[in-house]
Amino acid sequence: MTEPHIVHFASVSSTQDAARELILGETGAKEEPCPIGTVIVADVQEKGRGRRGREWMSPRGGLYASIIMENDPLLPLRVGVGVTRALQDIGIDALLKWPNDVIVRERKIGGILIEALLERAIVGIGVNIEQAPLPAATCICEERKEAISRDELLRSILCNIKMAYCGDIVDEYRALCSTIGRDVTVTVGNETMMGNVVGVDQSGCLVLKMGDEIRIIHSGECNHIETLSVWRDPADVLG
Ligand code: BTN
C-alpha cells in the first residue's frame, strides 16, 4: 500500500458507496484512476453496511473508513490482522472471530466488509470507539481508560495493515483467531452446521470437524458456542 490519500466526509450514506463513486469517477475527482491507498473516512454514516446485508450502526464517535486496495485472496486475513493488532497496540485484548469480526471478551468491537469493484477491493472498516451501538458489542472506551482519537487509530490500522504484507499472514491470522479449537455453529446459505474448528487452512477457509467428517468452509456466518464459565459437577450435568 502506498502513502494514504485521505478523503474526509462529515456525513455520508456509506464510506463504501463514497469509495465506489471515487473509483467510478462519479464525484468529478480529477485523479483517475482513483489511487490505490485512498482512504475515505466519515464522522457519521447514514446507511452504514455490514456483512450479509446487515446494517452497521454508525453514530458520531466511531471509526468508519473504506480503503481502496488491490484485490488479493488473503486480503481479509491481512485486514483482520491489521485491525486486531492496532487494537492490541493500545492495550485492548482484541482477537478475531472467523472470518474477520474483531472481538473482545466475545463482544464485537469492530467489523470488516470487503467489496470488489473493477479489480479493486473496497475495504470497509468499522470500529466502535466511544459507544457500543448494540448490547452484544463493546467499544474502546469500555475496554480502556484512556480515549484514543479516531485519526490516531486510523493511522495505526493503516500501518498495521501495511505490516500484514510481511511474514506468513496465515500463521499470524491463526495466532489471533479465537475460533480455532472452539465448538461453533456455521451457517452457509440455508444450512447450519455444528462442529469443532480444527483449523484455518492456507486460503483462510475454516476447517470444521463434524463427527468423523471434515468440512472446508469458504464463507459463512460463524458463532462460538459458549462454554460453561462455572465449574459444574459432571454428575449434575449428566443427571
Ligand atoms: C461487519 O458486518 O462486521 C462489517 C462491518 C463493516 C462496517 C464498515 S464502517 C465503514 C464501511 N462503510 C460501511 O458502510 N461499512 C463499512
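Begin by selecting the ligand: the space it takes is the largest pocket. Please bear in mind throughout that this is a predicted model.

Next, colour the secondary-structure elements around the ligand. Those giving two or more residues to its shell are helix 1 (15-24), strand 3 (62-70), strand 6 (107-117) and strand 7 (120-128). Which element supplies the largest share of the shell? Strand 6 does, with 4 residues.

Now display the residues of the shell themselves. There are 20 residues around the ligand, and those that come nearest are Ser14, Gln45, Arg49, Arg51 and Lys108. Sorted by class, the shell holds 6 nonpolar, 10 polar and 4 charged residues.

Start with Lys108, where an N or O atom of the side chain is 2.6 Å from an oxygen atom of the ligand. Proceed to Arg49: here a backbone N or O atom lies 2.7 Å from a ligand oxygen atom. Then select Gln45, which has an N or O atom in its side chain 2.8 Å from a nitrogen atom of the ligand. How much of the ligand does the protein bury? Taken alone, the ligand exposes 410 Å², and the protein buries 99% of that.

As one of them, select Asp43 together with Arg150; their closest N and O atoms are 2.6 Å apart. This pair links distant parts of the chain, with Asp43 in strand 2 (residues 38-45) and Arg150 in helix 4 (residues 150-163), 107 residues apart.

Two loops complete the tour. In the loop between strand 4 (95-97) and strand 5 (101-104), select Pro99. The peptide bond that joins Trp98 and Pro99 is cis, with omega at about 0°.

Finally, move to the loop between strand 5 and strand 6 and select Glu106.

Key:
Residues numbered from 1 in each chain as written. Predicted model: local features only at pLDDT ≥ 70, side-chain atom pairs only at ≥ 80, totals over all residues. Heavy atoms only, no water. Near = heavy atom within 4 Å. Polar contact = N/O pair within 3.5 Å; in protein donor to acceptor, adjacent residues only side chain to side chain. Areas by Shrake-Rupley, 256 points an atom, 1.4 Å probe, with all protein chains shown as cover. 1 Å grid on protein atoms, 1.4 Å probe; cavity = no way out; pocket = protein on both sides within 12 Å on 5 of 7 lines; lining within 4 Å. Sits in = over half its atoms within 2 Å of the grid points. Nonpolar A, V, L, I, M, F, W, Y, C, P; charged D, E, K, R; others polar. Salt bridge = Lys/Arg side-chain N within 4 Å of Asp/Glu carboxyl O.
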